[in-house]
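Student: I would like to learn how to read a protein model feature by feature. Could you take me through one slowly, giving the general idea before each case?

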Amino acid sequence: MEGSQANAAVRGCRITIRGVVQGVGFRPWVYTLAVAYGVAGGVRNDAHGVTIEAFGPPGALDAFVHALGSPPEPARIDHLTCEAIPPKVVRGFAIAPSAAAGDRAVSIPPDLATCGACVAETQDPGNRRHRYAFTNCTHCGPRFTIARDIPYDRQATTMARFAMCSACQREYDDVNDRRFHAQPNACPACGPQLRIVRPDGELIAGDPIEIAAAALRDGKIVAVKGLGGFHLACDATSPTAVRRLRERKRRDEKPLAVMVRDLESAAAVADLDATEAALLTGPEHPIVLARHRVESGLAPDCAPENPLVGVVLPYTPLHHLLMAALQCPLVMTSGNLSEEPIVAGNDEAQARLANLADCFLLHDRPIATRCDDSVVRVIGGAPTVLRRARGYVPRGVGVAAGFEQPVLACGAQLKNTFCIGIGQAAYLGPHIGDLDSVATADAFRRAVRRMQRFLDVVPAVVAHDLHPDYLSTAYARERAGATLVGVQHHHAHVVSAIAEHDLGGPVIGVAFDGTGHGTDGTMWGGEFLVATPASFERVATFRPLALAGGDVAIRQVWRQAAAFLDDAFDGEAPLSRLPLFADLPPVHLRVVRQMIHKGVNAPLAHGVGRYFDAVGALVLRQAAARYEAQVAMACEFAATGEAPPYPYAVDVTTLPWTVDLRPMGRALVDDLLAGQPGGGVAARFHATVVAATMDVVARIGERYGRLPVVLAGGCFQNRRLAEPLLAGLGARGRVYMPRAVPPGDGGLALGQAVVADAVMRAG
Ligand code: ZN
Ligand code: ZN
Ligand code: FE
């Protein structure tokens, strides 16, 4: 028994830690710290994160708590609290097994890219994991995609079916081992296995990696089962292979992501700055959109007429083995047809991808939750997530103001993600895709159910967009007994950034996108709002354009160009002299102009994205978009050089104020008729939108005071629009845009959830 004198010098404290602290080697790290500082007690996973009880002399305890604040990657602390507890006599420091608590509110960790130590083992002929495609440890490997339930323990994952061999079990039980409590721990003797089969399911004998590599070298398309779903792979340097993949996938023009072996190979296909290089090699391993090098060696069809290329490094041992066997960049595109959800099951793959792939590289570790690759672009020097999925989901986005009660936000129709707000975090689900097929609608429902189970919550408050036809809105209405909160689209965009950056409000919210349902029944998307989470005032908007034929005009962008110019020239635009219109059947043009003039089947849209479509069509002489926002993005890529803005007007006598680009339309036509190069015209158009935005924000500041400015909405994926505004507004005050969630509709759910919470609080 210890003497009472020794006890007098000992203090006790209970430390609770929230964040990414499970499944990332956090408890062994705490153990080593405790030993180093001479602290006794124990650490355990709980449903919220990690709880530590620590006992020791005050100095040692303080130093221990301080050291806890900086955990090694990929762990991350969002919240650490420390409360005094009565001192206890404890010998040593123990790691306790996970407790299955009643209220469960922590995330399972995201999937993490294979660490260097694990890669090295797969390359070492003397190691028992040599060439083993499922090597992982506490610092890397699958997590979210194999989890069926929480707490995150092997029995609650798809690894439950594999019994660890004695060697693996020893690693798993040894606190000093890199695989201590690595839930997916496995080796060739006891873990998942690869196989390669023909489309009819017949097994191909031999080493699956070598057979797949040979097929790829041969120009074949191989379906590869990865972490969160299947990819379709082909040799990215082979024009015929890439063209064949496009034809089969019915993906005419959208850029295809390219996997390269290492950072050096990435630098050979794309010009990378330090931020982009760090993103590529970080624990999330997203697809990074970077400038495509002219002499990259990639087949032009990887990213036709696009100066950017999506690059990703291998993030599983399987990828590393494949890339090492191949020695060339691989197209790695989601295994699906166009905008359907990514395929995840072996049988599902063979059914749905049978006509797309020449063979299937499979394994027997089931994927519990589908999760696409994430996409990131550096904008204004900072990483901006454009598609939030693998590596990020289900990590919570911290919301300091917190949620008074759990909220489900159903997201948008396109690029859907949903979100559950609970406590001080928002848990966004993985990117689902466009909710316009039965398959995606189904994937949406399943993903919501799964996230509810992981968080052990069925929110009674459900937020949805105001658009009556969004499937996500219809889903909200199906939720029996829920309190529904309709949230205006652009308000949600702005509040996404308010929440992420803990701004509270009010802010000047600049929300630019293609289309979102307004409170007046028209389509908004060029909005200047003064907003708090609870409410907003629409202070200014862009003059609307008529969409002749409704949604048809969004695809047939020439209709928007005609509407814009007829508006600018009071119906007398010299359309026949412009190359865009010269190739169109005159009768089509006549009918569309009549629809616009008479306002028949020509709803009005305020979206800035609509002006990008119209100007893009004129500059590129392209009548139709081949996929969503293609012409608008091409307009960014076409712009070259620095150029002064065109004239524009701001009418402050209207309510809301109106940004009027008709003067620009007239000047732009003069330039085009004078044979000015399209790149310069596109640059002047960008400069005009930037100047008008700066102007309106300044005027709002004069009236409402100097408020922080938020840029949100899909248009801010455009660097030529976002960067001058970040710089210009940043020079005068504070400016923010969503970074942890997409600025476009993929980040909408976060804002919806926070608005709904604020509305509920306000009663
Ligand atoms: Zn590892
Ligand atoms: Zn084993
Ligand atoms: Fe939007």
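This is a predicted model: local features need pLDDT of at least 70, side-chain atom pairs count only at pLDDT 80 or more; totals for chains, interfaces and linings use all residues.

Student: Let us begin with the metals. Which protein atoms are the donors of the zinc ion (ligand 1)?

Tutor: The general idea is to look for the protein atoms around the metal and then to ask how they are arranged. Here the donors are the SG atoms of C115, C118, C137 and C140, which lie 2.2 to 2.4 Å from the zinc ion (ligand 1). Along the chain these donors follow the spacing C-x2-C-x18-C-x2-C. C118 belongs to helix α4 (residues 116-123), while C140 sits in the loop between α4 and α5 (166-173), so this pair ties together parts that are 22 residues apart in sequence. Both C118 and C140 are buried.

Student: What is the geometry of that site, and between which angles do its four donor atoms fall?

Tutor: As a reference, the ideal angle for four tetrahedral donors at a metal is 109.5 degrees. At the zinc ion (ligand 1), the angles among the four donor atoms run from 102 to 118°, and the site is tetrahedral.

Student: Which residues are the protein donors of the zinc ion (ligand 2)?

Tutor: The zinc ion (ligand 2) has the SG atoms of C165, C168, C187 and C190 as its protein donors, at 2.2 to 2.3 Å. The angles among these four donor atoms are 104 to 116°, and the site is tetrahedral. The spacing of the donors along the chain is C-x2-C-x18-C-x2-C, and of these cysteines C187 and C190 are both buried.

Student: Then there is the iron ion (ligand 3). Is its site tetrahedral or irregular?

Tutor: Again we start from the atoms and then turn to the angles. The protein donors of the iron ion (ligand 3) are NE2 of H489, NE2 of H493, OD of D513 and OD of D745, and they lie 2.1 to 2.2 Å from the metal. The angles among these four donor atoms extend from 89 to 173°, and the site is irregular. For a tetrahedral site all angles would have to lie between 85 and 135 degrees, so a value of 173° rules that label out.

Student: Where along the chain do the donors of the iron ion (ligand 3) come from?

Tutor: Their spacing is H-x3-H-x19-D-x231-D. One pair links distant parts of the chain, for H493 is in helix α14 (residues 489-500) and D745 is in the loop between β31 (735-736) and α24 (748-762), 252 residues apart. H493 is buried, with a relative accessible area of 1%, and D745 is buried as well, with a relative accessible area of 15%.

Student: Now for helices. At what angle do helix α2 and helix α3 pack?

Tutor: To describe a helix pair, one gives the angle and distance between the axes, and then the residues that meet. Helix α2 (residues 26-37) and helix α3 (residues 58-68) pack at about 150°, with axes 10 Å apart, and α2 and α3 are therefore roughly antiparallel to each other. The crossing of α2 past α3 is right-handed. In the contact, W29, V30, L33, A34 and Y37 of α2 meet A60, A63, F64, A67 and L68 of α3.

Student: Is A683 buried or exposed?

Tutor: Here the idea is to join a residue's accessibility to its surroundings. A683, in helix α22 (residues 678-704), has a relative accessibility of 2% and counts as buried. Its C-alpha atom is 4.5 Å from that of A639, although A683 and A639 are 44 residues apart along the chain. Leaving aside residues up to four places away in sequence, A683 touches A639, T640, G641, A643 and R720.

Student: Finally, the backbone. Which peptide bonds are cis?

Tutor: Most peptide bonds are trans, and most residues other than glycine have a negative phi. Among the cis bonds here are the one joining V393 and P394, with omega about 10°, and the one from G505 to P506, with omega near 5°. P394 is in the loop between β16 (382-387) and β17 (397-398), whereas P506 is in the loop between α14 and β23 (507-517).

Note on methods:
Residues are numbered from 1 along each chain as its sequence is written. Chains are lettered from A and ligands numbered from 1 in the order in which they are written. Side-chain values use heavy atoms; hydrogens and water are left out. Donors are N, O and S atoms within 2.8 Å of the metal (3.2 Å for Na, K and Ca); water is not among the atoms, so sites may look incomplete. Four donors count as tetrahedral if all angles lie between 85 and 135 degrees; four count as square planar and six as octahedral if opposite donors are over 155 degrees apart and all others between 65 and 115; anything else is irregular. Helices (H or I, at least four residues) and strands (E, at least two) are DSSP runs, numbered from the N terminus. Buried means under 20% relative accessible area, exposed over 50%, partly exposed in between (1.4 Å probe, protein chains only). Axes are lines fitted to C-alpha atoms, for helices over the stretch in contact, and angles run from 0 to 180 degrees between N-to-C directions. Angles under 35 degrees count as roughly parallel, over 145 as roughly antiparallel, 65 to 115 as roughly perpendicular and the rest as oblique. A crossing is left-handed if the near helix is turned anticlockwise from the far one by less than a right angle, and right-handed if clockwise. Contact means heavy atoms within 4.5 Å.
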